[in-house]
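Dear colleague,

Please find below the sequence and structure that I am handing over to you. My findings follow directly after.

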Amino acid sequence: MTEFALSGRDWLGRLPAELDGQRRVMTGLLEFSEATPPVVTLIVGCSLGRGAGDRLSDIDGAIGLDAPPGDDGATLVDSAEESLVAALPGMGAVVDALRHRYGPADRYIRRIFAQFADGPQIDLTVMADYEIQRGIGARPDWVFLYGSPRPPDGGPGPETAYAMTGEQVREQAFLGWVALIDADKYLRRGSLWEAHFRLNDARDRIWALWAAATGALYPWHGLTQVLDRDPDVLPPGIEETVSGLDAGGLRRAARASAAILADVSEAAARRFPADLPGAMAAYVTGVLDQPDR
């Protein structure tokens with residue numbers, strides 16, 4: 001977790017000039033939090049929290065309420081959401097906003113995405129503060145603009161955001177091989193759009209496994225986390241997995257994806273020991289190597 005050494009306003013004041021738009025909106029969110037009970041915390045994270053933001057970065061964050069977790073706190077969460085949406089135009093001209101329930105069914109979380117006319121975006125969740133505090137150990141990039149970390153008593157916290165279990169490594173690898181055998185099927189049928197779609201899914205699994213192998217934050221986010229960690233450290237040959245909408249190019253990209261999927265699966269398994277789906281990998285690779293029938 002980002003060390004909480006500065007007040008919210010001090011942290012905002014130290015942002016570079018290119019983040020003036022985000023600073024304005026976050027200052028508005030801070031003022032809203034200070035003026036609105038039962039708000040007790042306001043956090044921001046991702047690229048802004050890591051100090052890697054630029055003028056195109058959205059504001060990923062959460063507002064925590066003094067409310068019971070789950071459906072027991074739904075009325076307070078809904079009320080705070082309404083108040084926040086009503087306050088957004090005071091932070092800048094709003095183009096439009098999306099509001100919806102978010103996350104697992106046993107947690108009551110509302111998400112607001114808003115686009116401001118001069119560029120800034122917010123992607124903000126509203127929830128019981130308990131849900132924020134229980135996740136502190138898993139989010140090293142959080143910055144508290146309002147309130148402070150107070151881990152709830154009782155029970156172990158979640159695993160760190162860097163973690164991926166061996167079972168999850170196997171799952172990602174297996175789903176990658178399934179995507180590639182599907183791509184082969186669609187190529188043999190002459191359905192190029194479907195082959196292209198499944199090839200993209202296989203590449204998503206490659207990025208997630210590479211993120212896990214290299215120790216990137218939030219490996220489930222795949223490509224974005226790989227690029228955030230080091231845009232120069234990519235899976236060798238990854239550019240060969242890209243193709244236009246032609247059968248020959250898609251076939252070559254699928255074969256390249258198979259080789260890279262095997263490599264990144266092994267790399268991820270070295271970091272998070274896993275029983276990799278070797279039989280599935282051999283079968284799919286063999287099918288991809290056959291000429292079109």
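**Leucine 261 and the cores**

In this predicted model, leucine 261 is in contact (heavy atoms within 4.5 Å) with Ala173, Gly176, Trp177, Leu180, Ile206 and Leu209, leaving aside its neighbours within four places in sequence. Residues are numbered from 1 along each chain as its sequence is written, and side-chain values use heavy atoms, without hydrogens and water. Local features need pLDDT of at least 70 and side-chain atom pairs count only at pLDDT 80 or more, while totals for chains, interfaces and linings use all residues.

The largest nonpolar core has 36 residues, of which Trp177, Leu180, Leu209, Leu261 and Val264 touch the most other members. Such a core is a set of buried Ala, Val, Leu, Ile, Met, Phe, Trp, Tyr and Cys residues joined through side-chain atoms within 4.5 Å; buried means under 20% relative accessible area, with a 1.4 Å probe and protein chains only. The elements that give two or more residues to this core are α6 (166-189), α7 (192-214), α9 (247-271) and α10 (278-289). Helices are DSSP runs of H or I with at least four residues, strands are runs of E with at least two, and both are numbered from the N terminus. Helix α7 gives the most to this core, with 10 residues. A second, separate core of 32 residues includes Leu15, Met26, Phe32 and Ile112.

**The sheet**

Six strands form an open sheet with mixed pairing, in the order β3-β4-β5-β2-β1-β6; two strands pair if DSSP finds at least two bridges between them. Because β3 (94-102) and β6 (143-146) stand at the edges with a single partner strand each, one side of each is left without a neighbour in the sheet. On average, neighbouring strands of this sheet are turned by 25 degrees against each other, direction ignored.

Strands β4 (residues 109-116) and β5 (residues 121-128) pair in the antiparallel sense over six bridges, and alanine 114 stands opposite isoleucine 122 in β5. Helix α2 (residues 20-35) packs on the sheet and touches β1 (39-44), β2 (59-65), β4, β5 and β6. The direction of α2 makes about 165 degrees with that of β1; axes are lines fitted to C-alpha atoms, for helices over the stretch in contact, and angles run from 0 to 180 degrees between N-to-C directions.

Strand β1 is mostly covered, with five of its six residues buried. Five bridges pair β1 with β2 in the antiparallel sense, and valine 39 stands opposite leucine 65 in β2. Three bridges join β1 to β6, again antiparallel, with leucine 42 opposite tyrosine 146 in β6.

With kind regards

How values were computed. Buried means under 20% relative accessible area, exposed over 50%, partly exposed in between (1.4 Å probe, protein chains only).
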